[in-house]
Amino acid sequence: MVNRILVGAHYGLKDWIIQRATAIVMAVYTLIFLVVVGAVGPDTFEAWRGIFANGFMKFATFLFFVSVFYHAWIGIRDIWMDYVKPDGLRLLMMIATAAVLVGYAGWAVQILWRM
Amino acid sequence: MAELAIKKKRPKNLDLPTIRLPLPGILSIIHRISGAAMFLLLPFLLWLFQSSLTSPESFAGVKAVVGHPLAKIILLGLVWFYMHHFCAGIRYLLLDLHKGVELEAARLSSKIVFVVSIALTLIIGARVLW
């Protein structure tokens, strides 16, 4: 008989904390973004591009994207765990989710640093 | 103690069509649906973001796409999803801190989430989309 105590082992605590930490990063970025866009009023390509050419906004936008992708990983993984019961299919969905999110992160880097 | 509580016979009502979901429950399922929808839209949004930053021509292309009436309605829905997820998320962070966990407070805060997120959606829609 397996006599493992589940309570107190902190299974999932790391993801629980990261989900909330990334949420706070995204919420703060949302406010910064709305203030900056409101101040700049980017009607032209140059003005819009200028926002993300700024070093701080480039860094903050990258941090936002990474937070979105990690937050989405935890949330979508929870959805698969709740609704997809066959183990093989669930594993496949999780791998596919993680794969596209890692790909998006690479894409986001490319967008921000090659613009 | 805990096992005793679980084994106790409790009345069950799992006739789903007759269960009226309370407002915090509606908030919760929209939180999940909006999250899933935004996840599915990620490649399209990244493509839009990339096009907006590539060249003046592609920027104009994005403006034209975003300016289409049908696109505006979809984007307004997306803004509402974002704002609902944002406001409901802040409510969940407060619940994590044991703020507003009582029934009445939880019902009130879910009403506030709906009012604030819809108001923000309309403001952003009016300022940016129309």
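**View 1. Where chain A meets chain B.** Here 17 residues of chain A are in contact with 17 residues of chain B, contact being C-beta atoms, placed from the backbone, within 7 Å. This is a predicted model, so local features need pLDDT of at least 70 and side-chain atom pairs count only at pLDDT 80 or more, while totals for chains, interfaces and linings use all residues. Residues are numbered from 1 along each chain as its sequence is written, and chains are lettered from A in the order in which they are written.

**View 2. Two helices crossing in chain B.** The axes of α2 (residues 23-54) and α5 (residues 103-129) of chain B come within 8 Å and cross at roughly 45°; axes are lines fitted to C-alpha atoms over the stretch in contact, with angles from 0 to 180 degrees between N-to-C directions. Leu23(B), Pro24(B) and Leu27(B) of α2(B) meet Ala106(B), Arg107(B), Ser110(B), Lys111(B) and Val113(B) of α5(B). Sorted by class, these contact residues are five nonpolar, one polar and two charged.

**View 3. A positive phi at His98(B).** Look for His98(B) in the loop between α4 (69-96) and α5 of chain B. Its phi is near 65°, a positive value in a residue other than glycine. Most residues other than glycine have a negative phi. His98(B) counts as exposed because it has 7 C-beta neighbours inside 10 Å (exposed means 12 or fewer, buried 20 or more, partly exposed in between).

Definitions and conventions
Contact = placed C-beta atoms within 7 Å. Helix = DSSP H or I, 4+ residues; strand = E, 2+ residues; numbered from the N terminus. Nonpolar A, V, L, I, M, F, W, Y, C, P; charged D, E, K, R; others polar.
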